[in-house]
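I opened a new notebook page for this protein. My plan is to look things up one at a time and write down what I find.

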Amino acid sequence: MMRFLCRLGAGLVVLSWLGGAAFGAEGDVVFKRESAEGETPPAVFPHWSHRIRYKCYVCHPGVFKMQANAEAITMDAIMNGKFCGVCHNGTIAWPVTFDTCNRCHTPK
């Protein structure tokens with residue numbers, strides 16, 4: 001029974017994350033791009049689904065400042081282990097690679 005509940009919970013978390021990324025749920029952060037190069041859509045960060053798993057201090061203010069647009073978040077910085085790349089490194093969470101672009105850059 002416990003195994004079933006764990007799988008059910010994990011499935012609900014995944015579905016909530018995917019739903020938030022795909023539909024831009026209230027509380028999500030959309031990282032607007034300065035240029036439309038390559039037609040890659042802006043990244044959508046499902047803040048609410050991360051918040052149900054982690055306390056605010058895990059990311060704020062160490063990884064992300066508490067002010068919107070306080071820092072330029074680039075893919076180079078993320079791939080070098082900064083910002084999202086602190087956790088999305090292939091060990092803590094799925095890695096940021098060209099194969100995983102659509103997990104964040106989801107067209108609406």
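**Notebook: overall fold, surface, core, cysteines**

I began with contacts along the chain. Among contacts in the protein with a separation of 6 or more, 37% join residues 24 or more positions apart. I noted that the model I am reading is predicted.

Next I looked up the secondary structure. I found three helices and two strands. Starting at the N terminus, I read their order as α-β-β-α-α.

Then I turned to burial. The protein has 108 residues, and 19% of them count as buried. I also looked up the accessible surface, which is about 8200 Å². Carbon and sulfur atoms hold 62% of that surface.

**Entry: a surface patch**

Which residues make a nonpolar surface patch of about 340 Å²? I found Tyr54, Tyr57 and Val58. Tyr54 sits in a loop, between helix H2 (47–51) and helix H3 (75–79). Its relative accessibility is 38%, so I put Tyr54 down as partly exposed.

**Entry: the core**

I looked for the largest nonpolar core. It has six residues. I listed them as Val63, Phe64, Ala77, Ile78, Phe83 and Val96.

I then followed Ile78. I left aside its neighbours within four places in sequence. Ile78 is in contact with Ile73, Phe83, Cys84, Gly85 and Val96.

**Entry: the cysteines**

How many disulfides are there? I counted zero. Cys59 has a relative accessible area of 26%, so I wrote it down as partly exposed.

Cys104 is in no disulfide. The nearest cysteine sulfur is that of Cys84, at 6.4 Å. Cys104 is partly exposed, because its relative accessibility is 25%.

**Entry: a serine in a helix**

My last stop was Ser49, in helix H2. Is Ser49 buried or exposed? Ser49 has 1% relative accessibility, so it counts as buried. I also looked up how Ser49 is placed against Gly27. The two are 22 residues apart in sequence. In space, they are 9.4 Å apart, C-alpha to C-alpha.

Definitions and conventions:
Residues numbered from 1 in each chain as written. Predicted model: local features only at pLDDT ≥ 70, side-chain atom pairs only at ≥ 80, totals over all residues. Heavy atoms only, no water. Helix = DSSP H or I, 4+ residues; strand = E, 2+ residues; numbered from the N terminus. Buried < 20%, exposed > 50% of the residue type's maximum accessible area, 1.4 Å probe, protein only. Contact = heavy atoms within 4.5 Å. Areas by Shrake-Rupley, 256 points an atom, 1.4 Å probe, with all protein chains shown as cover. Patch = residues over 30% accessible without salt bridge, like charges linked within 9 Å, V, L, I, M, F, W, Y side chains within 5 Å. Salt bridge = Lys/Arg side-chain N within 4 Å of Asp/Glu carboxyl O. Core = buried A, V, L, I, M, F, W, Y, C linked by side-chain atoms within 4.5 Å. Disulfide = S-S within 2.5 Å.
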